[in-house]
Amino acid sequence: QVQLVESGGGLVQAGGSLRLSCAASGRAFSNYAMAWARQAPGKEREFVAAISWTGDTTYYTDSVKGRFTISRDNAQNTVYLQMNNLQPEDTALYYCAATWGIATKNLARYDFWGRGTQVTVSS
């Protein structure tokens with residue numbers, strides 16, 4: 001089992017940046033592939049980014065490529081999402097997730113979820 005707690009959300013102007021953190025507890029954090037997903041009002045939850053066990057492989061949804069960066073620090077049991085050039089369309093509740101399988105864009109494959117942190121981007 002792994003427990004996930006997100007933090008770092010907030011209100012930011014368009015063009016600004018935020019860094020989200022997901023602190024994990026439980027066994028063998030380094031053996032979990034991790035992901036970020038988001039859900040905006042009136043929309044389905046969508047995949048944002050994922051990272052492999054080792055951190056050497058990443059995936060992004062097209063809308064955030066070049067702006068967001070996922071990373072992990074296994075020594076600190078933490079995964080990050082650096083978000084640059086934020087736009088109002090990025091406003092959502094952001095969740096982190098973990099799987100004992102491989103990193104994937106398919107959210108159905110993730111076994112553990114945090115409760116989310118809110119990101120709001122104003123014009």
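Rings of Phe, Tyr and Trp (its six-membered ring) count as a pair if their centres lie within 6.5 Å, and in this predicted model the structure holds 3 aromatic pairs.

**View 1. Tyrosine 95 and tryptophan 113 form an edge-to-face aromatic pair.** The ring centres lie 6.4 Å apart, with 80° between the planes, and the pair links distant parts of the chain, since tyrosine 95 belongs to strand S9 and tryptophan 113 to strand S10 (residues 112-113), 18 residues apart. Tyrosine 95 is buried at a relative accessible area of 10%, whereas tryptophan 113, at 29%, is partly exposed. Arginine 45 lies over the face of tyrosine 95, at 3.8 Å from the ring centre, and the charged end of arginine 45 also sits over the ring of tryptophan 113, 5.0 Å from its centre.

**View 2. Tyr32, Trp100 and Phe112 form one aromatic cluster.** Because tryptophan 100 lies in the loop between S9 and S10 and phenylalanine 112 in strand S10, the pair ties together parts that are 12 residues apart in sequence. Tryptophan 100 counts as exposed, at 58% relative accessibility, while phenylalanine 112 counts as buried, at 10%.

**View 3. Serine 52 lies in the loop between S5 and strand S6 (58-60).** Serine 52 has 12% relative accessibility and therefore counts as buried, and a polar contact of 3.0 Å joins its side chain to that of aspartate 56. Leaving aside residues up to four places away in sequence, serine 52 touches Ala33, Thr57, Arg72 and Ala103.

Definitions and conventions: Residues numbered from 1 in each chain as written. Predicted model: local features only at pLDDT ≥ 70, side-chain atom pairs only at ≥ 80, totals over all residues. Heavy atoms only, no water. Helix = DSSP H or I, 4+ residues; strand = E, 2+ residues; numbered from the N terminus. Buried < 20%, exposed > 50% of the residue type's maximum accessible area, 1.4 Å probe, protein only. Polar contact = N/O pair within 3.5 Å; in protein donor to acceptor, adjacent residues only side chain to side chain. Contact = heavy atoms within 4.5 Å. Phe/Tyr/Trp six-rings, centres within 6.5 Å; stacked < 30°, edge-to-face > 60°. Lys NZ or Arg CZ within 6 Å of the ring centre and 35° of its normal.
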